[in-house]
Amino acid sequence: MPEEVLFATITELGELLKSRKVSSLELTRTHLERLEKLGPRYNALAALTTQLATRQAKEADDLFRHNRIRSPLQGIPYGAKDLLATAGIPTTWGAEPYRSQVFDYDATVVRKLQGAGAVLAGKLAMIELAGGGGYRLPSASMFGACRNPWNTSHWAGGSSSGSGAAVAAGLVPFAIGSETHGSILTPASYCGVTGLRPTYGLVSRYGAMALSWTMDKIGPLARSAEDCGLVLRAISGGDSQDPGSSGKRFYYLPDYGRPLTELRIGYAPVDFEAQADESARPAFRAALEVFRKLGPKLVEMSLPAMPYREVANLVILSEGAAVFEPLIKSPAFDRLADDQQKAGLRAALEIPAYEYLRAMRIRRLIQQAMQQTFLQVDLILSPATRGPASGINEPVGGGPAPEAEAENRGNTDLSAASNLAGLPAISLPCGFSTTNLPVAVQLVARPFDELALVTMGREFQRQTDWHRRRPPA
């Protein structure tokens, strides 16, 4: 198929399918071939689901022939992060000890997408156990380090590595990822695609590997903000099988959102300058100017000084150790790929209950601080990541930019703060670094205000074409 089809949005593909210029079976076979051929090049593929995808595509085509449309996703292939259960298909969690793990049921998200008529083309690679122990290298996965389609000597980001790489490379039109502390927004930013992290509890996690019961969230990575809104509409909603479910749904009605001129966007200039990687600053500055021209009121603000990252890390480590205690105490534990991950999980078993409870009390103060912040602004804008993707062999993570002053950190801890508070966020491609790698900005909103994120994201993408750029063939 022409590249225009391979990199088309969900809306564009839907028009082709409804007019029957392209069949779902043709589209699916093309993406299956690309997944099989190119997925291993990026270490992005966990498993092809050829038989299931073929059957689902034929069902979608039959519905199109009878002019029956279930949803905008009908007949469109997608990939699922390999922590989502799929009946009869291996779900490895990216970890060697679970290589042969097979469930006899589908995760709620997978089931909802099937009900919407979407076609599951493959399971996508991830960092082992979603990186809950704190991993050191991108190679912390049974599939190897996931390579960035824009430059394969660089990383695709974690832990939803395969989801970001597969969408960027045109292997699937959209993918499902998960985030506990950056795992949707980071690969979206590094790979130049759009990623949406929903409010905690908006999307059911039943059938998904647990890492942190109080912080795990599931959301889409796709071509555009509008695509993310369409996917979120399909996968959101209450679920009695997820104790954290809010019972709320997302309705994609962008024309009914607040006028952009009525919105207040908080930002810290230091985030776009001293806190940002020097190679990304020109792109960040240009993106900030686009938002100014869109008409909202930009308000300078910074998060109050609180131990955001320390609290987030302690909560994730404590809850992750409880989840994986049977594995940690078994001989299979040594089969994990990353030594730091293993050391972190072992050490997490020794965290005293009082430290976890103290962290949760501080977390409540952080949630209250974020509530107060959103009395002053409607959205918070900052770089999604400080700069472009790191090298495939470079250690993961790093501290604040060396030239940043400790007393002027701006909103550099926005990822930790917003994840602790369960807030929604969207990552929007905003250009390239001087090293020719994608960079992105993020918007964070109040709980369950995904409509503001998608609406603002859609307007930003109407004024720019960064989300339309394609990696080298």
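Me: D242, buried or exposed?
Reply: In this predicted model, D242 has a relative accessible area of 6%. That is under 20%, so D242 counts as buried.

Me: What does D242 form a salt bridge with?
Reply: With R205; the closest N and O atoms are 3.0 Å apart. The pair links distant parts of the chain, 37 residues apart. D242 sits in the loop between α8 and β9, and R205 in the loop between β7 (194-197) and β8 (217-222).

Me: And R205, buried or exposed?
Reply: R205 is buried, at 15% relative accessibility.

Me: How many salt bridges does a search of the whole structure find?
Reply: The search gives 23 salt bridges.

Me: Which residue forms a salt bridge with D255?
Reply: R458 does, with 3.5 Å between the closest N and O atoms. This pair also joins distant parts of the chain: R458 belongs to helix α15, while D255 is in the loop between α8 and β9, 203 residues apart.

Me: Buried or exposed, for R458? And for D255?
Reply: R458 is buried at 11% relative accessibility. D255 is exposed at 64%.

Me: Which residues are linked with D255 and R458 in a network of salt bridges?
Reply: E459 and R462 are linked with D255 and R458 in that network.

Me: Staying with α15, at what angle do α9 and α15 pack?
Reply: Helix α9 (residues 281-294) and helix α15 (residues 450-463) pack at about 110°, and their axes are 10 Å apart. That makes α9 roughly perpendicular to α15, because an angle of 65 to 115 degrees is classed that way.

Me: Which residues meet there?
Reply: From α9, A287, V290, F291 and L294. From α15, M456, E459, F460 and Q463.

Me: Another salt bridge. What does R346 meet?
Reply: The side chain of R346 meets that of D334 in a salt bridge, 2.9 Å from N to O. R346 is in helix α12 (residues 339-348) and D334 in the loop between α11 (325-328) and α12, 12 residues apart.

Me: What are the relative accessible areas of R346 and D334?
Reply: R346 is at 40%, partly exposed. D334 is at 48%, which is also in the partly exposed range.

Me: Backbone now. Which residues does a cis peptide bond join?
Reply: G158 and S159, with omega about -5°. S159 is in the loop between β5 (151-155) and α6 (161-168).

Me: What is phi of W93? And of L129?
Reply: Phi of W93 is near 60°, a positive value in a residue other than glycine. For L129 phi is near 55°, again positive and again not in a glycine.

Me: Why list those at all?
Reply: Because most residues other than glycine have a negative phi, and most peptide bonds are trans.

Me: Where are W93 and L129?
Reply: W93 lies in the loop between β2 and α5, and is buried at 13% relative accessible area. L129 lies in the loop between β3 (119-124) and β4 (147-148), and is buried at 0%.

Me: Where is V102?
Reply: V102 is in the loop between β2 (77-81) and α5 (108-115), partly exposed with a relative accessible area of 45%.

Me: What does V102 touch?
Reply: G88, I89 and P90, leaving aside residues up to four places away in sequence.

Me: How far apart are V102 and T92?
Reply: They are 10 residues apart in sequence and 8.1 Å apart in space, C-alpha to C-alpha.

Definitions and conventions:
Residues numbered from 1 in each chain as written. Predicted model: local features only at pLDDT ≥ 70, side-chain atom pairs only at ≥ 80, totals over all residues. Heavy atoms only, no water. Axes fitted to C-alpha atoms, helices over the stretch in contact; angles between N-to-C directions. Helix = DSSP H or I, 4+ residues; strand = E, 2+ residues; numbered from the N terminus. Parallel < 35°, antiparallel > 145°, perpendicular 65-115°, else oblique. Contact = heavy atoms within 4.5 Å. Salt bridge = Lys/Arg side-chain N within 4 Å of Asp/Glu carboxyl O. Buried < 20%, exposed > 50% of the residue type's maximum accessible area, 1.4 Å probe, protein only.
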